[in-house]
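Student: Please pick one part of this structure and look at it closely with me. Then show me how other parts compare with your account.

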Amino acid sequence: MEYDEKLARFRQAHLNPFNKEPEPRQHEQRASEEAPEVTSEEALPELPPGEPEFCCTERVMDLGLSEDHFSRPVLRQAIEECKQVILELPEQSEKQKDAVVRLIHLRLKLQELKDPNEDEPNIRVLLEHRFYKEKSKSVKQTCDKCNTIIWGLIQTWYTCTGCCYRCHSKCLNLISKPCVRSKVSHQAEYELNICPETGLDSQDYRCAECRAPISLRGVPSEARQCDYTGQYYCSHCHWNDLAVIPARVVHNWDFEPRKVSRCSMRYLALMVSRPVLRLREINPLLFNYVEGLVEIRKLRQDILLMKPYFITCKEAMEARLLLQLQDRQHFVENDEMYSVQDLLDAHTGRLGCSLTETHTLFAKHIKLDCERCQAKGFVCELCREGDVLFPFDSHTSVCTDCRAVFHRDCYYDNSTTCPKCARLTLRKQSLFQEPGPDVDA
């Protein structure tokens, strides 16, 4: 009897907070059937005068969580009607909170009855977007289409797996912006002119993306400039997001975030790790003013000289030493290309530290740990003194023709040609020398 009394109180206080006060006879009859020991003082009080009354059907709001006789269609209808009640109730009111609690219980019960083999379409493809239905209900997000809050508890919403575009399910078919990842795949390059502004007249005083009317006076809508493209956007397409501008980095070494549009922010976020900046062509003078870049370039050149050792070394291949740079794969391919993330890490000093540790690890394997790699060292043929030399040593110089290694002082002090190059030249001449008459006979 005590359990029935608690269950009746729970239903009256939480599961049925919006019903009108029933008639006296109905109330007495229901109280005698469900909870005979509950007194009239414990019954749900009447709504105060002036406050709106919200009525829900008995079938929806009186569904007990302990019954197992109802089916999924009934639960789905109960959930939809409970959602409607929540939207009609005053914000932050106690009744709305109780309705949210009721909705949670109904959702949990529906989840228990759900068939695990039931295949529901969770992927939608639209304008090269690949939208995935989100399962998180507690995360608070903003719809990129209508610029309103997504209430995950009572609304269905989707996220593009390519560019992270978020929207309500009701806004899905209204989207007119293609996926930014497609632009990254087909046109992976930056705008390298600093804020190339052309003026509102070139845009016909309309948003560069959705073509809504805009002006600098805010009538009918405020015009917001994107520092990356130099174009103007409306408040729905430009949320004053901040991003580092690649053109300001490569020309001015300026990493201060600037305001950009939503489309530019997504594009820059997807491009941040792509090595598309050839600094020697864009701004070769940058290496004269940024000392950290000079050190990074020297470390990258040394790593490229170490790569042939690892490719031909069985131990290095088994240890997968080159995977130390898997996050920056272009470092083992060339020493010219940089990404914006590389420049950001170089500015903070993290890239120099990580490259120094990797360089030390690679050099230790070649010069100390592996006998096969040690056997591929060089002896200076100009002085024939000193230890075994490697092309990545700081005190050595490498012949550009035959790749032989010498002491730096010996290489520049000796005015003669490289001994190995001279030896190879004589060998070629002996091979192509014409045979004498005795040989013909």
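Tutor: Start with a definition: a residue is buried under 20% relative accessible area, exposed over 50%, and partly exposed in between (1.4 Å probe, protein chains only). This is a predicted model, where local features need pLDDT of at least 70 and side-chain atom pairs count only at pLDDT 80 or more, while totals for chains, interfaces and linings use all residues. Residues are numbered from 1 along each chain as its sequence is written, and side-chain values use heavy atoms, leaving out hydrogens and water.

Now the setting. The chain has 18 helices and 14 strands. Both are DSSP runs numbered from the N terminus: helices are H or I with at least four residues, strands are E with at least two. Of the 441 residues, 37% are buried. A contact means heavy atoms within 4.5 Å. Take contacts between residues at least 6 apart in sequence: 61% of these join residues at least 24 apart.

Our part is helix H11, residues 291-311. Check its length. The expected span is 1.5 Å times one less than the number of residues. H11 has 21 residues, so it should span 30 Å; its end C-alpha atoms are 31 Å apart, which agrees. The helix has a kink of about 25° at Leu 305, shortly before the proline Pro 308. That bend is the angle between axes fitted to the seven residues ending at a residue and the seven starting there.

Which residues of H11 are buried? They are Leu 293, Ile 296, Leu 299, Arg 300, Asp 302, Ile 303, Met 306, Tyr 309 and Phe 310. Keep a general rule in mind as you look at them. An α-helix has 3.6 residues a turn, so residues three or four places apart point the same way.

Next, the core. A nonpolar core is a set of buried Ala, Val, Leu, Ile, Met, Phe, Trp, Tyr and Cys residues joined through side-chain atoms within 4.5 Å. The largest one here has 69 residues, and Leu 279, Leu 293 and Leu 343 have the most contacts inside it. H11 gives the most to this core: seven residues. A separate core has twelve residues, including Leu 75, Cys 82, Leu 106 and Ile 154.

Helix H14 covers residues 350-369. Its 20 residues should span 28 Å at 1.5 Å a residue, and its end C-alpha atoms are 27 Å apart, which agrees. Its buried residues are Leu 351, Leu 355, Thr 358, His 359, Phe 362, Ala 363, His 365 and Ile 366. Their cover includes H11, helix H12 (314-319), helix H13 (340-348) and helix H15 (371-374).

Compare helix H8, residues 262-271. Arg 262, Ser 264, Arg 266, Tyr 267, Leu 268 and Met 271 are buried there. Among the elements covering them are helix H6 (180-186), strand E9 (241-243), helix H7 (246-252) and strand E10 (258-260).

Now set a few single residues beside this. Asp 387 lies in the loop between H15 and strand E13. Its relative accessibility is 66%, so Asp 387 counts as exposed. Arg 403 lies in the loop between E13 (396-398) and strand E14 (405-407). Its relative accessible area is 45%, so Arg 403 is partly exposed. It has a positive phi of about 65°, although it is not a glycine. Gln 141 is in strand E3 (residues 141-142). With a relative accessible area of 18%, Gln 141 is buried. It touches Thr 148, Ile 149, Ile 150, Trp 157 and Arg 166, not counting residues up to four places away in sequence.

Last, the confidence. pLDDT is the predictor's confidence in each residue, from 0 to 100. The chain's mean is 78, and 78% of its residues reach 70 or more. Over residues 15-69 pLDDT stays under 50. It also stays under 50 over residues 115-120.
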